[in-house]
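My notes follow in the order I checked things.

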Amino acid sequence: MGERMLTPDVLVIGGGATGAGLLRDLARRGLRCLLVDRSDFGTGTSGRYHGLLHSGGRYVSKDPSAARECIVENQVLRRIAAGCIEDTGGIFVATPDDPDDYVDAFPGACAAAGIDCDEIPVTETLRREPALSPAIRRAFRVPDAALEPWQLIEANLADARAHGADAWPYQRVVAIQRDGRRISGVTVRDERSGASTRVVPRMIASAAGAWAGQVAALAGVELMMSPGKGTMIVYNQRMTDTVVNRCHPPGDGDIMVPVHTVAILGTTEELVEDPDDDETSSDEVQALINEGEALFPALRRMRVLRAYTGVRPLYRDPAVQGPEASDDGRAISRSHIILDHEARDGVEGLISIVGGKLTTYRLMAEQAANAVCAKLGMSEPCTTAGEPLPGMGDSRAHWLGHRLAEHEDRGGGDADLICECEMVTHAMLERFLDRRGPCSIDDIRRGTRLGMGPCQGGFCTFRAAAIMAERAPDGHTDRAAPGGSASDPEGALSTFLNERSKGTRAVAWGRQLQELWMVTGIYVGVMGLEGSSSEHGGEATEDHGAVS
Ligand SMILES: Cc1cc2nc3c(=O)[nH]c(=O)nc-3n(C[C@H](O)[C@H](O)[C@H](O)COP(=O)(O)OP(=O)(O)OC[C@H]3O[C@@H](n4cnc5c(N)ncnc54)[C@H](O)[C@@H]3O)c2cc1C
């Protein structure tokens, strides 16, 4: 079979929040666009972040313009993406160790950035959030919230598709050809079948996040990214209903975000060479807990479900920071920048959008789309801030318990539940599989939250694998997602469990270690899945004691 060839106006590389937002924006301006991602959508940093829709409070002291961007986009997303947002609100609390001058200046700095900020009495704060340290001495309320990334990405892609665009998962850009100064084509490889497609776009917009340097290098362009690895730990319950930030210069372990049924403490910050470095260590977990105890004294006794990492797409601008910039990731700007590689490097037909935050993805996409349109001689305005994303126009903001309420509205009962922790029903799973076709259990996790609650997939993964097996046509092997698919439910199960177990090695102690052994017993002892035994249970034993 010969190589397929496509000629869209714009090829967007990267299916994180930025790429999905960019595809939506360009498609709404009338351009024919294709987006490709080397993996499933939202498996880069956007699917591995902390979950916070920033009010901007975190940046008011060090980077007021980033703070202003955050609050403006926070308000835009509440209008256009209400169904992805749990309006938890946020508080900044001062512990006895936080500097007085920082705390005293905080409300004024918020006001200057346009962020609503009220001081609330400590007694009221402790009444609302009893897990907080009784030693806190001041508290300020700000409009932080929790933001669900995968639903947001899917909604952006759905709107883009409704405007004629296409988006392909598991399609890696492996080569970019040039004819002199001009980009002449792109080779995209299907990670499932190995087939390649040649794409000849008028423009390429790279939204490859921390991998933007690797993509630019394919076109012979030097773009220096400094991937900033951050580790976060997931607790088995929400210990607050509000986002809690420490009121001090940004540091490690100083934000707790309630996300659906769990709570996430983060983050650390370490510059790494390789954006695919996703190792977590017991030391990092311990350091996070040590810092977090200033906010939540009982933290050490709470059950940690897992640890995970994401990589910040930090851009080190040699013109601003010099080639010998500091090794401190927190010193590198969180702002975004659009790089016009024609003006910067003499390579026509390529722009990159780098840096930024998930909170500002829409603004980043708008500015990148403006740059693409200018290159193509178009002046259509951006419409993404005014139009709600599909399915979210009149939806209530997401709230903890909404799935339970919907389930009870339909009559309740356990029979239909596949994942009790996250209330994923058989019908929800079937709908997802109808929409996605062959996919891995990890894809199902992102699409439905199956396996993301306190049991971490212990009781629902084999049920999902069974449903996939029932649906698999005999001998079906094509279009299998990497990581197993309907045609190989046992492989899908092992891959998923091994992948999930990666994040549990660094947190295997106490009650969580007992849970890991129980899950190992189910999958290895009862179901005979030997392939996952060493990873799932064995690693847990090694780390026992290291962190306790
Ligand atoms: C630890 C941590 C915590 C954070 N917390 C917050 C927070 O609470 N709030 C907030 O607003 N922001 C937060 N951020 C920042 C935010 O997560 C990122 O800025 C944002 O998600 C980046 O999105 P993106 O779409 O630009 O990149 P990504 O989501 O990384 O998307 C890039 C995509 O490019 C794809 N790709 C790479 N190479 C290729 C190739 N060759 N071919 C095809 N596709 C390719 C990747 O698979 C990936 O899906 C956090 C970041 C980190 C690391």
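Predicted model: local features only at pLDDT ≥ 70, side-chain atom pairs only at ≥ 80, totals over all residues.

Next I looked up where Arg449 sits. Arg449 belongs to the loop that links helix H13 (441-448) to helix H14 (461-471). Its phi is near 75°, a positive value, and the residue is not a glycine. I noted this angle because most residues other than glycine have a negative phi.

I then went along the loop between H13 and H14 to Gln456. Gln456 also is not a glycine, and its phi is positive, near 55°. How buried is Gln456? Its relative accessible area is 10%, so I put Gln456 down as buried.

I turned to the peptide bonds. Most peptide bonds are trans. The bond between Gly266 and Thr267 is cis, with omega at about -15°. Thr267 is in the loop between strand S18 (262-266) and strand S19 (270-271).

Ligand site next. How many residues surround the ligand? I found 36, and the closest are Thr18, Asp37, Ser46, Leu52 and Thr359. By type, the shell holds 14 nonpolar, 17 polar and five charged residues. I also checked which elements contribute. Helix H1 (17-28) and strands S11 (171-179), S15 (228-235) and S20 (304-312) each give at least two residues to the shell.

- The side chain of Thr359 has an N or O atom 2.7 Å from an oxygen atom of the ligand.
- Gly356 has a polar backbone atom 3.1 Å from an oxygen atom of the ligand.
- His50 has a backbone N or O atom 3.3 Å from a nitrogen atom of the ligand.

How much of the ligand does the protein cover? On its own, the ligand has 1,000 Å² of accessible area, and the protein covers 96% of that.

Last, I took totals for the whole protein. I count 17 helices and 24 strands. The protein has 548 residues, and 57% of them are buried.

Conventions
Residues numbered from 1 in each chain as written. Heavy atoms only, no water. Helix = DSSP H or I, 4+ residues; strand = E, 2+ residues; numbered from the N terminus. Buried < 20%, exposed > 50% of the residue type's maximum accessible area, 1.4 Å probe, protein only. Near = heavy atom within 4 Å. Polar contact = N/O pair within 3.5 Å; in protein donor to acceptor, adjacent residues only side chain to side chain. Areas by Shrake-Rupley, 256 points an atom, 1.4 Å probe, with all protein chains shown as cover. Nonpolar A, V, L, I, M, F, W, Y, C, P; charged D, E, K, R; others polar.
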